[in-house]
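Welcome! Please take a look at the sequence and the structure shown here, and then let us walk through a few details together.

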Amino acid sequence: MSTHEITLTVNDTEEELTVESRTLLVHALRDQLGYTGPKIGCETSKCGACTVTLDGDAVKACTVLAVQTDGSEVTTVEGLADGDDLDPIQESFHEEHALQCGYCTPGMVMTTRQLLEDDPDPDAEEIRHQLKGNICRCTGYQNIVNAVESAADKTEGAAESTDDAEAESPPAKADGGEARSDDETPHAEDDGR
Amino acid sequence: MIPAECDYYRAGSVGEALDLLETHADRDPELIAGGHGLVPSMKVGEASPDVLVDIDGVEDLRAVEADDDSVTVGALARHADVAESETLRERALVLAEAAENVGDVQIRNRGTIGGNLAEADPAADLPAAVLAADATLDVQGRDGERTIEAGEFFRGDGETALAADEIVTHVRVPRSRGSETDDTAGAYVKKTHPASGYAMVGVAADVAVEDGEITEARVAANGVADRATRLTGVEDALVSRPAADEDAAESATKNASADLDSDRLRGDVYASSEFRAQLLSTYARRAVETALGRATAEGSIGGDEP
Ligand SMILES: Cc1cc2nc3c(=O)[nH]c(=O)nc-3n(C[C@H](O)[C@H](O)[C@H](O)COP(=O)(O)OP(=O)(O)OC[C@H]3O[C@@H](n4cnc5c(N)ncnc54)[C@H](O)[C@@H]3O)c2cc1C
Ligand code: FES
Ligand code: FES
């Protein structure tokens, strides 16, 4: 049945490929273009491991037909680091031990990216709410919430600071700790989590 | 988890989509918008259309627009657009709040209001909200346009009043601008299914208050029957009560499930019909209390928290 020539801009690189009507975006990215950052976890639109941004919006790439994205811009987790320099969100996940097996991490990081764009200074409850579509089977989420808070501090700090250097991580961490202790009550479980 | 093979055509306009539906009429063509209802069903083999007609690129159906009498939402507005629309938050909060309750961020970035309504999933969030908002749906087919009242649209689990070759183009909420909207307010509350994210029970309420008295109430529920359903007994019990009466919401919703024949009350492995009836009363009370609180809040224009 029908195949289609499509063009995607993935992490600023223009890619041309041929997809079947039924090809899922996550398969096009992983199998045809070699972007294996987005993972396939549940395949049923629930776990968020396949999250990428499509024209700036976080979406589950296992639930989007590739052919529908012709002409779009896609960012995968591979698009964030600059060589060996991690971006602030990745760095915070690393520092806060926000991963164990790491399978959920690319999706977590991509959803966090949109979260911080929409709300540069979210509280723990907002973070949990906004990450509802990303499931982690290892960490118990607490360190992920910490990492997002720490990334928020860094990116806010970076936006405010006049020089180009990344905000130093020790003060950022201390701020993160303080922000957390503001919110000492056990974090409200969001919808069954 | 790979969908069956199919053909795909992208429509640039509603007219083009209607032409494509007609051209391929013998092959059971299916519209696709955000794909967040259809693609999951295609993956598990529940749906295997031979031909997809993609309307997701019809950009002029994505806007939320308002004039003095009504607010019009394009069928392709995504849940995130509906949830964040200032116009809707001011003039039809019940709809914005229902959209805010759909799934998660990623789902809301893709799913559309038209697709959600056309799917008529009994546990979806938007159907009760369009009932409570007294909305109408504009649909377009080969024979022209018609308007369907929300109350006539949902016919059963997955069933609507749409013909196979009709497309929902707009959802229209009758909300006049100006002082009389000041005392109108809505709310949507939901008992979320912990695994699916859909509504175990979701209640949409929309009330109008004049001189301290409830003059209009529309209350509707998702998740409790084969389709979104108005709770007319609750509505009748609210009208003419003083809005400030703390007992109004409680007493009107105590027996909310009485509005549904007991054989219509949904029960399944997740929640028995008895449990759903109990949830319905609780969530109906919360929805009505929230809406009344907003309507009577000082200087409220509907969207403000009490
Ligand atoms: C993991 C997950 C969780 C979800 N959670 C929720 C939830 O909590 N609450 C909730 O309400 N929904 C939920 N949804 C469903 C989601 O809201 C879908 O977006 C919505 O049901 C379908 O909209 P769509 O644009 O994606 O439609 P599509 O999948 O593109 O289409 C769905 C159906 O509607 C038809 N259709 C689409 N647009 C039109 C139109 N304009 N006119 C006529 N027919 C049309 C299509 O032919 C198809 O049959 C969830 C979905 C997923 C995958
Ligand atoms: S693989 Fe896409 S949501 Fe789980
Ligand atoms: S780190 Fe293993 S699933 Fe999240």
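## A salt bridge between chains

In this predicted model, Lys60(A) counts as buried because its relative accessibility is 0%. Its partner in a salt bridge is Asp104(B), with 2.7 Å between the closest N and O atoms. The pair crosses between chains: Lys60(A) belongs to strand E4 (residues 57-60) of chain A, while Asp104(B) sits in the loop between helix H5 (93-100) and helix H6 (105-110) of chain B. Asp104(B) has 8% relative accessibility, so this residue counts as buried too.

## Salt bridges within the chains

Over all chains, the whole structure holds 28 salt bridges. One of them joins Lys154(A) to Glu91(A), where the closest N and O atoms are 3.0 Å apart. This pair links distant parts of the chain, with Lys154(A) in helix H5 (residues 142-160) of chain A and Glu91(A) in helix H2 of chain A, 63 residues apart. Lys154(A) is buried, at a relative accessible area of 1%, whereas Glu91(A) is partly exposed, at 22%.

In chain B, Arg175(B) forms a salt bridge with Asp206(B), and their closest N and O atoms are 3.0 Å apart. Here too the pair links distant parts of the chain, 31 residues apart: Arg175(B) lies in the loop between strand E10 (167-174) and strand E11 (184-192), and Asp206(B) in strand E12 (residues 199-210). Both Arg175(B) and Asp206(B) are buried. Salt bridges with shared partners also join Asp56(B), Glu59(B), Arg62(B), Arg78(B) and Arg110(B) into one network.

## Chain A and its helix H2

Chain A has 6 helices and 5 strands, which follow the pattern β-β-α-β-β-β-α-α-α-α-α along the sequence. Of its 193 residues, 49% count as buried. Among contacts between residues at least 6 apart in sequence, 57% join residues at least 24 apart.

Which residues of helix H2 (residues 88-95) of chain A are buried? They include Pro88(A), Ile89(A), Gln90(A), Ser92(A) and Phe93(A). Asp87(A) caps the N-terminal end of H2(A), with a side-chain oxygen 3.1 Å from the backbone nitrogen of Ile89(A). After H2(A) comes His97(A), which has a positive phi, near 55°.

## A parallel sheet in chain B

Chain B contains an open sheet of 3 strands in the order E1-E3-E2, with parallel pairing. Strand E1 (7-10) and strand E2 (30-32) stand at the edges with a single partner strand each, so one side of each has no neighbour in the sheet. From one strand to the next, the twist averages 30°.

E1(B) and strand E3 (residues 51-54) of chain B run parallel and are joined by 4 bridges. Opposite Tyr9(B) stands Val53(B) in E3(B).

Terms used:
Residues are numbered from 1 along each chain as its sequence is written. Chains are lettered from A and ligands numbered from 1 in the order in which they are written. This is a predicted model: local features need pLDDT of at least 70, side-chain atom pairs count only at pLDDT 80 or more; totals for chains, interfaces and linings use all residues. Side-chain values use heavy atoms; hydrogens and water are left out. Buried means under 20% relative accessible area, exposed over 50%, partly exposed in between (1.4 Å probe, protein chains only). Helices (H or I, at least four residues) and strands (E, at least two) are DSSP runs, numbered from the N terminus. A polar contact is a pair of N or O atoms within 3.5 Å; within protein, one must be able to donate a hydrogen and the other to accept it, and residues adjacent in sequence count only if both atoms are side-chain atoms. Two strands pair if DSSP finds at least two bridges between them. Axes are lines fitted to C-alpha atoms, for helices over the stretch in contact, and angles run from 0 to 180 degrees between N-to-C directions. Contact means heavy atoms within 4.5 Å. A salt bridge is a side-chain nitrogen of Lys or Arg within 4 Å of a carboxyl oxygen of Asp or Glu.
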